[in-house]
Amino acid sequence: MVGVTPMASSIGFSLFSSLRLSSSSPLSAPRLCLSFTPSRRVALSHLGSIVLQSQNFGLSASRTLRGDSNVSASSAQGDVAQASTADQESLLDWVKKDNRRMLHVVYRVGDLDRTIKFYTECLGMKLLRKRDIPEERYTNAFLGYGPEDSQFVVELTYNYGVDKYDIGTGFGHFGIAVEDVAKTVELIKAKGGKVTREPGPVKGGSTVIAFIEDPDGYKFELLERGPTPEPLCQVMLRVGDLDRSINFYEKAFGMELLRKRDNPEYKYTIAMMGYGPEDKNAVLELTYNYGVSEYEKGNAYAQIAVGTNDVYRTAEAIKLYGGKVTREPGPLPGINTKITVCLDPDGWKTVFVDNLDFLKELE
(Lines give C-alpha, C1' and ligand atoms only; values in the text may rest on other atoms or scores of the structure.)
Protein backbone atom coordinates (compact mmCIF):
# COMPACT_ATOMS: atom_id res chain seq x y z
CA MET A 1 0.00 0.00 0.00
CA VAL A 2 1.25 3.49 -0.79
CA GLY A 3 1.56 6.31 1.68
CA VAL A 4 -0.74 4.82 4.28
CA THR A 5 0.21 3.13 7.52
CA PRO A 6 -1.93 0.30 8.97
CA MET A 7 -5.04 1.70 10.56
CA ALA A 8 -7.91 0.54 12.72
CA SER A 9 -10.98 -0.55 10.83
CA SER A 10 -14.36 1.10 11.10
CA ILE A 11 -17.93 0.05 10.86
CA GLY A 12 -19.57 0.59 7.51
CA PHE A 13 -22.62 -0.36 5.55
CA SER A 14 -24.55 0.82 2.57
CA LEU A 15 -26.47 3.52 4.40
CA PHE A 16 -23.65 5.30 6.07
CA SER A 17 -20.35 3.50 5.83
CA SER A 18 -17.48 5.66 4.76
CA LEU A 19 -14.63 3.26 5.50
CA ARG A 20 -12.31 6.12 4.84
CA LEU A 21 -9.02 7.34 6.18
CA SER A 22 -9.08 10.09 8.75
CA SER A 23 -7.90 13.36 7.28
CA SER A 24 -6.17 14.28 10.51
CA SER A 25 -3.81 11.35 10.95
CA PRO A 26 -2.98 8.14 9.08
CA LEU A 27 -3.25 6.28 12.35
CA SER A 28 -6.67 7.58 13.25
CA ALA A 29 -9.70 5.35 13.03
CA PRO A 30 -12.04 6.13 10.13
CA ARG A 31 -15.26 7.78 11.10
CA LEU A 32 -18.76 7.40 9.79
CA CYS A 33 -20.88 9.89 7.98
CA LEU A 34 -24.31 10.14 6.45
CA SER A 35 -24.98 12.11 3.34
CA PHE A 36 -28.65 12.62 4.10
CA THR A 37 -28.51 15.66 6.38
CA PRO A 38 -25.76 17.69 8.05
CA SER A 39 -27.02 16.71 11.49
CA ARG A 40 -26.68 13.04 10.67
CA ARG A 41 -23.20 13.56 9.32
CA VAL A 42 -22.18 15.25 12.53
CA ALA A 43 -23.73 12.53 14.66
CA LEU A 44 -22.02 9.75 12.76
CA SER A 45 -18.64 11.44 12.69
CA HIS A 46 -18.27 10.67 16.40
CA LEU A 47 -18.64 6.92 15.98
CA GLY A 48 -14.90 6.26 15.91
CA SER A 49 -14.68 5.98 19.70
CA ILE A 50 -17.75 3.77 19.81
CA VAL A 51 -16.97 1.22 17.15
CA LEU A 52 -13.18 1.19 17.20
CA GLN A 53 -11.76 -2.31 17.27
CA SER A 54 -8.12 -3.40 17.50
CA GLN A 55 -8.04 -4.95 14.06
CA ASN A 56 -4.92 -3.66 12.33
CA PHE A 57 -4.93 -4.09 8.58
CA GLY A 58 -2.17 -6.24 7.18
CA LEU A 59 -2.20 -8.65 10.11
CA SER A 60 -3.43 -12.20 9.81
CA ALA A 61 -6.87 -13.04 11.09
CA SER A 62 -5.54 -15.27 13.81
CA ARG A 63 -2.89 -12.76 14.83
CA THR A 64 -5.54 -10.05 14.91
CA LEU A 65 -7.53 -12.04 17.45
CA ARG A 66 -4.57 -13.57 19.26
CA GLY A 67 -4.50 -10.99 22.01
CA ASP A 68 -8.18 -11.54 22.77
CA SER A 69 -8.44 -15.25 22.04
CA ASN A 70 -8.27 -16.49 25.61
CA VAL A 71 -10.64 -13.81 26.82
CA SER A 72 -13.06 -14.35 23.93
CA ALA A 73 -13.02 -18.11 24.39
CA SER A 74 -13.60 -17.81 28.12
CA SER A 75 -16.38 -15.28 27.57
CA ALA A 76 -18.10 -17.48 25.00
CA GLN A 77 -17.84 -20.53 27.26
CA GLY A 78 -19.22 -18.51 30.14
CA ASP A 79 -22.19 -17.38 28.07
CA VAL A 80 -22.97 -20.94 27.06
CA ALA A 81 -22.67 -22.17 30.64
CA GLN A 82 -25.01 -19.50 31.97
CA ALA A 83 -27.67 -19.92 29.35
CA SER A 84 -30.12 -22.71 29.96
CA THR A 85 -30.68 -25.32 27.29
CA ALA A 86 -34.17 -23.96 26.74
CA ASP A 87 -32.84 -20.43 26.27
CA GLN A 88 -30.25 -21.63 23.78
CA GLU A 89 -32.82 -23.59 21.81
CA SER A 90 -35.20 -20.63 21.81
CA LEU A 91 -32.49 -18.28 20.55
CA LEU A 92 -31.34 -20.75 17.90
CA ASP A 93 -34.91 -21.18 16.71
CA TRP A 94 -35.37 -17.40 16.52
CA VAL A 95 -32.17 -16.98 14.49
CA LYS A 96 -33.39 -19.53 11.97
CA LYS A 97 -36.75 -17.75 11.62
CA ASP A 98 -35.36 -14.21 11.52
CA ASN A 99 -35.83 -12.33 8.26
CA ARG A 100 -32.24 -12.08 7.05
CA ARG A 101 -30.68 -11.10 3.76
CA MET A 102 -27.18 -10.20 2.61
CA LEU A 103 -27.50 -6.49 1.82
CA HIS A 104 -24.14 -5.49 0.39
CA VAL A 105 -20.38 -5.90 0.53
CA VAL A 106 -18.02 -3.01 1.26
CA TYR A 107 -14.47 -2.52 0.00
CA ARG A 108 -11.98 0.22 -0.91
CA VAL A 109 -10.72 1.25 -4.34
CA GLY A 110 -7.96 3.57 -5.55
CA ASP A 111 -9.77 5.30 -8.44
CA LEU A 112 -13.53 5.45 -8.11
CA ASP A 113 -14.37 6.68 -11.60
CA ARG A 114 -12.13 4.03 -13.17
CA THR A 115 -13.82 1.28 -11.14
CA ILE A 116 -17.33 2.53 -11.88
CA LYS A 117 -16.49 2.57 -15.60
CA PHE A 118 -15.19 -1.02 -15.44
CA TYR A 119 -18.16 -2.35 -13.46
CA THR A 120 -20.77 -0.68 -15.66
CA GLU A 121 -19.17 -1.30 -19.06
CA CYS A 122 -17.60 -4.72 -18.48
CA LEU A 123 -19.71 -6.33 -15.76
CA GLY A 124 -23.07 -4.79 -16.65
CA MET A 125 -23.72 -3.24 -13.25
CA LYS A 126 -25.68 -0.04 -12.73
CA LEU A 127 -24.51 2.94 -10.71
CA LEU A 128 -27.29 3.13 -8.10
CA ARG A 129 -26.07 6.19 -6.24
CA LYS A 130 -22.93 8.14 -5.44
CA ARG A 131 -22.12 10.58 -2.67
CA ASP A 132 -19.12 12.76 -2.02
CA ILE A 133 -18.26 14.07 1.46
CA PRO A 134 -15.37 16.49 0.89
CA GLU A 135 -15.17 17.58 4.53
CA GLU A 136 -14.44 13.95 5.43
CA ARG A 137 -12.31 13.34 2.31
CA TYR A 138 -14.09 10.30 0.91
CA THR A 139 -16.58 9.29 -1.77
CA ASN A 140 -18.95 6.30 -1.89
CA ALA A 141 -20.54 4.62 -4.88
CA PHE A 142 -23.18 1.89 -4.80
CA LEU A 143 -23.43 -0.45 -7.78
CA GLY A 144 -25.41 -3.57 -8.56
CA TYR A 145 -27.93 -5.26 -10.82
CA GLY A 146 -31.03 -4.00 -9.05
CA PRO A 147 -32.29 -1.76 -6.22
CA GLU A 148 -30.66 -1.90 -2.82
CA ASP A 149 -33.92 -2.71 -1.05
CA SER A 150 -34.13 -6.10 -2.76
CA GLN A 151 -30.73 -7.06 -4.18
CA PHE A 152 -27.17 -7.62 -3.03
CA VAL A 153 -24.94 -4.73 -4.14
CA VAL A 154 -21.38 -3.45 -3.77
CA GLU A 155 -20.36 -0.33 -1.92
CA LEU A 156 -17.11 1.17 -3.18
CA THR A 157 -15.19 3.62 -1.04
CA TYR A 158 -12.57 6.04 -2.31
CA ASN A 159 -10.44 7.81 0.29
CA TYR A 160 -8.94 11.04 -1.02
CA GLY A 161 -5.30 10.60 -1.97
CA VAL A 162 -5.14 6.83 -1.43
CA ASP A 163 -4.63 5.01 -4.71
CA LYS A 164 -3.64 1.53 -3.56
CA TYR A 165 -4.67 -1.02 -0.93
CA ASP A 166 -3.46 -4.42 0.19
CA ILE A 167 -6.04 -7.09 -0.63
CA GLY A 168 -4.20 -9.69 1.45
CA THR A 169 -4.49 -13.46 1.15
CA GLY A 170 -7.72 -14.05 3.09
CA PHE A 171 -10.17 -12.46 0.68
CA GLY A 172 -10.88 -14.68 -2.32
CA HIS A 173 -13.25 -13.30 -4.93
CA PHE A 174 -16.73 -12.10 -5.81
CA GLY A 175 -18.99 -14.23 -7.97
CA ILE A 176 -21.17 -12.98 -10.84
CA ALA A 177 -23.66 -15.16 -12.70
CA VAL A 178 -23.79 -14.52 -16.45
CA GLU A 179 -25.64 -16.32 -19.24
CA ASP A 180 -22.59 -16.54 -21.53
CA VAL A 181 -19.16 -16.60 -19.88
CA ALA A 182 -17.19 -16.66 -23.13
CA LYS A 183 -19.02 -13.62 -24.51
CA THR A 184 -18.54 -11.71 -21.26
CA VAL A 185 -14.82 -12.51 -21.25
CA GLU A 186 -14.43 -11.26 -24.81
CA LEU A 187 -16.14 -8.00 -23.85
CA ILE A 188 -13.86 -7.59 -20.86
CA LYS A 189 -10.79 -8.22 -23.01
CA ALA A 190 -12.00 -5.67 -25.55
CA LYS A 191 -12.27 -3.10 -22.77
CA GLY A 192 -8.74 -3.83 -21.62
CA GLY A 193 -9.70 -5.98 -18.64
CA LYS A 194 -7.46 -8.69 -17.20
CA VAL A 195 -8.56 -12.32 -17.60
CA THR A 196 -6.72 -14.65 -15.23
CA ARG A 197 -8.58 -17.86 -16.11
CA GLU A 198 -10.04 -18.48 -19.54
CA PRO A 199 -13.61 -19.83 -19.86
CA GLY A 200 -13.99 -23.56 -19.31
CA PRO A 201 -15.52 -26.19 -17.01
CA VAL A 202 -14.70 -25.91 -13.34
CA LYS A 203 -12.20 -28.52 -12.14
CA GLY A 204 -14.11 -31.66 -11.25
CA GLY A 205 -17.42 -30.29 -12.57
CA SER A 206 -19.31 -29.08 -15.60
CA THR A 207 -20.17 -25.46 -14.77
CA VAL A 208 -18.41 -23.08 -17.15
CA ILE A 209 -16.45 -20.40 -15.30
CA ALA A 210 -13.75 -17.79 -15.86
CA PHE A 211 -11.79 -15.45 -13.59
CA ILE A 212 -11.05 -11.79 -14.15
CA GLU A 213 -9.54 -8.96 -12.14
CA ASP A 214 -10.86 -5.44 -11.77
CA PRO A 215 -8.50 -2.42 -11.91
CA ASP A 216 -7.71 -2.72 -8.18
CA GLY A 217 -6.91 -6.43 -8.34
CA TYR A 218 -10.15 -7.77 -6.86
CA LYS A 219 -10.93 -11.13 -8.45
CA PHE A 220 -14.33 -11.94 -9.94
CA GLU A 221 -15.49 -15.44 -10.82
CA LEU A 222 -17.89 -15.51 -13.76
CA LEU A 223 -20.32 -18.43 -13.51
CA GLU A 224 -22.45 -19.49 -16.45
CA ARG A 225 -26.09 -19.73 -15.37
CA GLY A 226 -29.52 -19.01 -16.71
CA PRO A 227 -31.43 -15.86 -15.74
CA THR A 228 -31.22 -15.21 -12.01
CA PRO A 229 -32.72 -12.58 -9.69
CA GLU A 230 -29.34 -12.17 -7.97
CA PRO A 231 -26.46 -11.89 -10.51
CA LEU A 232 -24.00 -10.69 -7.85
CA CYS A 233 -24.10 -14.09 -6.25
CA GLN A 234 -21.00 -14.87 -4.16
CA VAL A 235 -18.39 -13.56 -1.76
CA MET A 236 -15.54 -15.99 -1.15
CA LEU A 237 -13.50 -15.79 2.05
CA ARG A 238 -10.80 -18.16 3.28
CA VAL A 239 -11.05 -19.64 6.77
CA GLY A 240 -8.73 -21.62 9.02
CA ASP A 241 -11.21 -24.18 10.38
CA LEU A 242 -14.12 -24.95 8.07
CA ASP A 243 -16.22 -26.98 10.51
CA ARG A 244 -15.91 -24.23 13.12
CA SER A 245 -16.98 -21.63 10.57
CA ILE A 246 -19.93 -23.68 9.32
CA ASN A 247 -21.16 -24.17 12.89
CA PHE A 248 -20.82 -20.44 13.62
CA TYR A 249 -22.62 -19.25 10.49
CA GLU A 250 -25.42 -21.78 10.95
CA LYS A 251 -26.09 -20.97 14.59
CA ALA A 252 -25.07 -17.32 15.00
CA PHE A 253 -26.02 -16.07 11.53
CA GLY A 254 -28.90 -18.44 10.77
CA MET A 255 -27.37 -19.39 7.42
CA GLU A 256 -27.96 -22.74 5.81
CA LEU A 257 -25.18 -25.04 4.62
CA LEU A 258 -26.24 -25.25 0.99
CA ARG A 259 -23.48 -27.61 -0.07
CA LYS A 260 -19.99 -28.72 0.82
CA ARG A 261 -17.39 -30.06 -1.56
CA ASP A 262 -13.99 -31.54 -0.77
CA ASN A 263 -11.29 -31.49 -3.44
CA PRO A 264 -8.45 -33.67 -2.11
CA GLU A 265 -6.63 -33.55 -5.45
CA TYR A 266 -6.23 -29.78 -5.06
CA LYS A 267 -6.14 -29.85 -1.25
CA TYR A 268 -9.07 -27.60 -0.45
CA THR A 269 -12.68 -27.79 0.73
CA ILE A 270 -15.48 -25.29 0.16
CA ALA A 271 -18.78 -24.70 1.93
CA MET A 272 -21.56 -22.57 0.47
CA MET A 273 -23.57 -20.74 3.15
CA GLY A 274 -26.60 -18.57 2.64
CA TYR A 275 -30.24 -17.67 3.24
CA GLY A 276 -31.64 -19.46 0.21
CA PRO A 277 -30.72 -21.41 -2.93
CA GLU A 278 -27.56 -20.35 -4.75
CA ASP A 279 -29.39 -19.65 -8.00
CA LYS A 280 -31.68 -17.10 -6.34
CA ASN A 281 -29.65 -15.57 -3.52
CA ALA A 282 -26.22 -14.15 -2.77
CA VAL A 283 -24.17 -16.65 -0.77
CA LEU A 284 -20.99 -16.81 1.25
CA GLU A 285 -18.38 -19.24 -0.06
CA LEU A 286 -16.01 -20.37 2.70
CA THR A 287 -12.77 -21.99 1.54
CA TYR A 288 -10.43 -24.12 3.62
CA ASN A 289 -7.00 -24.88 2.17
CA TYR A 290 -5.46 -27.98 3.72
CA GLY A 291 -3.06 -27.11 6.51
CA VAL A 292 -3.56 -23.32 6.34
CA SER A 293 -4.97 -21.82 9.54
CA GLU A 294 -4.33 -18.11 9.08
CA TYR A 295 -4.29 -15.50 6.33
CA GLU A 296 -3.21 -11.90 5.84
CA LYS A 297 -6.30 -9.69 5.95
CA GLY A 298 -4.95 -6.63 4.13
CA ASN A 299 -6.82 -3.31 4.30
CA ALA A 300 -8.86 -3.37 1.09
CA TYR A 301 -11.82 -5.66 1.80
CA ALA A 302 -14.03 -4.42 4.65
CA GLN A 303 -17.22 -6.37 5.43
CA ILE A 304 -20.64 -7.69 4.52
CA ALA A 305 -23.87 -6.16 5.80
CA VAL A 306 -26.84 -8.38 6.72
CA GLY A 307 -30.41 -7.37 7.50
CA THR A 308 -32.17 -8.57 10.66
CA ASN A 309 -35.45 -7.94 12.47
CA ASP A 310 -33.71 -7.57 15.85
CA VAL A 311 -30.09 -6.49 16.31
CA TYR A 312 -30.28 -7.13 20.07
CA ARG A 313 -31.12 -10.82 19.80
CA THR A 314 -28.66 -11.10 16.94
CA ALA A 315 -25.86 -9.90 19.22
CA GLU A 316 -26.91 -12.44 21.86
CA ALA A 317 -26.63 -15.27 19.36
CA ILE A 318 -23.26 -14.08 18.11
CA LYS A 319 -21.85 -14.04 21.64
CA LEU A 320 -23.38 -17.39 22.50
CA TYR A 321 -21.90 -19.19 19.52
CA GLY A 322 -18.33 -17.95 19.60
CA GLY A 323 -18.37 -14.62 17.77
CA LYS A 324 -17.06 -11.29 19.04
CA VAL A 325 -19.36 -8.28 19.18
CA THR A 326 -17.28 -5.17 18.49
CA ARG A 327 -20.19 -2.72 18.52
CA GLU A 328 -23.01 -3.46 20.95
CA PRO A 329 -26.52 -3.33 19.46
CA GLY A 330 -28.38 -0.06 19.47
CA PRO A 331 -29.25 3.04 17.44
CA LEU A 332 -26.52 5.08 15.86
CA PRO A 333 -25.99 8.47 17.55
CA GLY A 334 -28.30 11.11 16.15
CA ILE A 335 -30.49 8.74 14.14
CA ASN A 336 -32.70 5.73 14.80
CA THR A 337 -31.00 3.11 12.65
CA LYS A 338 -30.10 0.18 14.88
CA ILE A 339 -27.01 -1.90 14.17
CA THR A 340 -24.56 -4.31 15.75
CA VAL A 341 -21.10 -5.27 14.50
CA CYS A 342 -19.28 -8.55 14.97
CA LEU A 343 -16.27 -10.64 14.00
CA ASP A 344 -16.50 -14.31 13.11
CA PRO A 345 -13.94 -16.81 14.49
CA ASP A 346 -11.50 -15.87 11.70
CA GLY A 347 -11.88 -12.13 12.23
CA TRP A 348 -14.14 -11.41 9.21
CA LYS A 349 -16.43 -8.50 10.01
CA THR A 350 -20.19 -8.29 9.52
CA VAL A 351 -22.59 -5.43 10.23
CA PHE A 352 -26.18 -6.38 11.08
CA VAL A 353 -28.73 -3.68 10.26
CA ASP A 354 -32.34 -3.43 11.41
CA ASN A 355 -34.51 -4.23 8.38
CA LEU A 356 -37.11 -1.49 8.87
CA ASP A 357 -34.50 1.13 9.67
CA PHE A 358 -32.56 0.16 6.55
CA LEU A 359 -35.58 0.70 4.32
CA LYS A 360 -36.33 4.05 5.95
CA GLU A 361 -32.79 5.25 5.27
CA LEU A 362 -33.15 4.36 1.61
CA GLU A 363 -36.27 6.49 1.22
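This report describes a cavity and a helix contact in a predicted model.

Residues are numbered from 1 along each chain as its sequence is written. In this predicted model, local features need pLDDT of at least 70 and side-chain atom pairs count only at pLDDT 80 or more, while totals for chains, interfaces and linings use all residues.

**The second largest cavity**

The structure holds four cavities of 30 Å³ or more. A cavity is a set of points, on a 1 Å grid over the protein atoms alone, where a 1.4 Å probe fits but cannot get out; its lining residues have an atom within 4 Å of a point. The second largest cavity has about 70 Å³ of space, a volume being the space filled by probe spheres set on the points. Among its lining residues are Leu 237, Tyr 249, Trp 348 and Lys 349. Strand 13 (301-308) and strand 16 (349-354) each give two or more residues to this lining; strands are DSSP runs of E with at least two residues, and helices are runs of H or I with at least four, numbered from the N terminus. Strand 13 gives the largest share, three residues.

**Helix 5 and helix 9**

The axes of helix 5 (residues 85-97) and helix 9 (residues 311-320) come within 10 Å and cross at roughly 120°. Axes are lines fitted to C-alpha atoms over the stretch in contact, with angles from 0 to 180 degrees between N-to-C directions. Contact means heavy atoms within 4.5 Å.

| Helix | Residues in the contact |
|---|---|
| Helix 5 | Gln 88, Ser 90, Leu 91, Trp 94, Val 95 |
| Helix 9 | Arg 313, Thr 314, Glu 316, Ala 317, Leu 320 |

Terms used:
Heavy atoms only, no water. 1 Å grid on protein atoms, 1.4 Å probe; cavity = no way out; pocket = protein on both sides within 12 Å on 5 of 7 lines; lining within 4 Å.
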